[in-house]
Amino acid sequence: RSTGCAALNEADFESAAAFIRSSLNVSESDTVLDVGCDSAMITRHIAPRVRRLLGIDFIHEMLRDTSRLPLTVAGGDSPWFATADACRLPIRSGAFTKVYASAMLHTLPTRAHGLQAIDELIRVTAPGGVVMLSSVPDTAKRLASRLDIWRRARATDKLTLPIRWLIPGRVKTFARRLLHRPATGLPEF
């Protein structure tokens, strides 16, 4: 098991799985890919509610416990587990309706690896499918991230970025409601 997950209990894993199921709106007709599945601590709570599931982890030893777990997907088959690199998934394009990577992205060695992994997750997701990324924020890298966003932004967006960064979230939410402005949605690819 991962070092950080050793301190968590079964309720924590079920809670994380419930969040993922709800966010992805998984159903028994979905084919799901879990990238960075570790020892299937969250995957085992997702598998019974989907048609097909593949769990992938870069470290083969993380997967050794998965063969001993009494796991089945909604149809009664076993989920699959494999060792693979998130930056080069050995999966055909559009193979999954739902793809998620939970607490994996921040473990990659560079920002370029992270972007490559995200591209791969999008590539293996079917048209109309959903990709979910969740990770542990690294506050030490916040300034570097904001500088990168600034460099990539259009000139008109550069005017609003400092405001977006300085105003607390609660104030922005209140102002949107007051001005009847829609909340910003999730990015779509």
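**Figure 1. Overview of the chain and its elements.** Helices are DSSP runs of H or I with at least four residues and strands are runs of E with at least two, both numbered from the N terminus. By these rules the chain has 6 helices and 5 strands. Their order from the N terminus is α-β-α-β-β-β-α-β-α-α-α. The model is predicted, so local features need pLDDT of at least 70 and side-chain atom pairs count only at pLDDT 80 or more, whereas totals for chains, interfaces and linings use all residues. Residue numbers start from 1 along each chain as its sequence is written, and side-chain values use heavy atoms, with hydrogens and water left out.

Figure 2. A residue is called buried under 20% relative accessible area, exposed over 50%, and partly exposed in between (1.4 Å probe, protein chains only). On this scale 33% of the 189 residues are buried. A contact means heavy atoms within 4.5 Å. Among contacts with a separation of 6 or more, 67% are between residues 24 or more positions apart.

Figure 3. Two strands are taken as paired if DSSP finds at least two bridges between them. Strand β1 (residues 31-35) runs parallel to β2 and is joined to it by 5 bridges; here Leu33 stands opposite Leu54 of β2. On β2's pairing with strand β3 (residues 80-83), the sense is again parallel, with 4 bridges. Ile56 has Ala82 of β3 as its bridge partner. Strand β2 itself (residues 52-57) is mostly covered, with 5 of its 6 residues buried.

**Figure 4. Cysteines Cys37 and Cys87.** Cys37 is buried at a relative accessible area of 5%. Cys87 is also buried, at 4%. A disulfide would require a pair of cysteine sulfur atoms within 2.5 Å, and the structure holds 0 disulfides.

**Figure 5. The salt bridge between Arg44 and Glu10.** A salt bridge is a side-chain nitrogen of Lys or Arg within 4 Å of a carboxyl oxygen of Asp or Glu. The count by this rule is 7. In one of these salt bridges, the side chains of Arg44 and Glu10 meet with an N to O distance of 2.5 Å. This pair links distant parts of the chain, with Arg44 in helix α2 (residues 43-46) and Glu10 in helix α1 (residues 10-24), 34 residues apart. Arg44 is buried at 17% relative accessibility, whereas Glu10 is partly exposed at 40%.

**Figure 6. The salt-bridge network of Arg64, Asp65 and Arg68.** Salt bridges link Arg64, Asp65 and Arg68 in a network. Within it, Arg68 and Asp65 have their closest N and O atoms 2.5 Å apart. Arg68 is exposed, with 59% relative accessibility. Asp65 is partly exposed, at 24%.

Figure 7. Arg123 pairs with Glu120 in a salt bridge whose closest N and O atoms are 2.9 Å apart. Both residues lie in helix α3 (residues 111-123) and are 3 residues apart, about one turn of the helix. Arg123 is partly exposed at 27% relative accessibility, while Glu120 is buried at 12%.

Figure 8. Thr66 sits in the loop between β2 and β3. Its relative accessible area is 10%, and Thr66 therefore counts as buried. A polar contact is a pair of N or O atoms within 3.5 Å; within protein, one must be able to donate a hydrogen and the other to accept it, and residues adjacent in sequence count only if both atoms are side-chain atoms. The side chain of Thr66 makes such a contact with the backbone oxygen of Leu63, at 2.6 Å. Leaving aside residues up to four places away in sequence, Thr66 touches Ser39, Ala40 and Phe81.

Figure 9. Most residues other than glycine have a negative phi. Asn25, which is not a glycine, has a positive phi of about 55°. Asn25 is located in the loop between α1 and β1 and is exposed, with a relative accessible area of 59%. Ala103 also has a positive phi, near 55°. Ala103 belongs to the loop between β4 (96-102) and α3, and is partly exposed at 42% relative accessibility.
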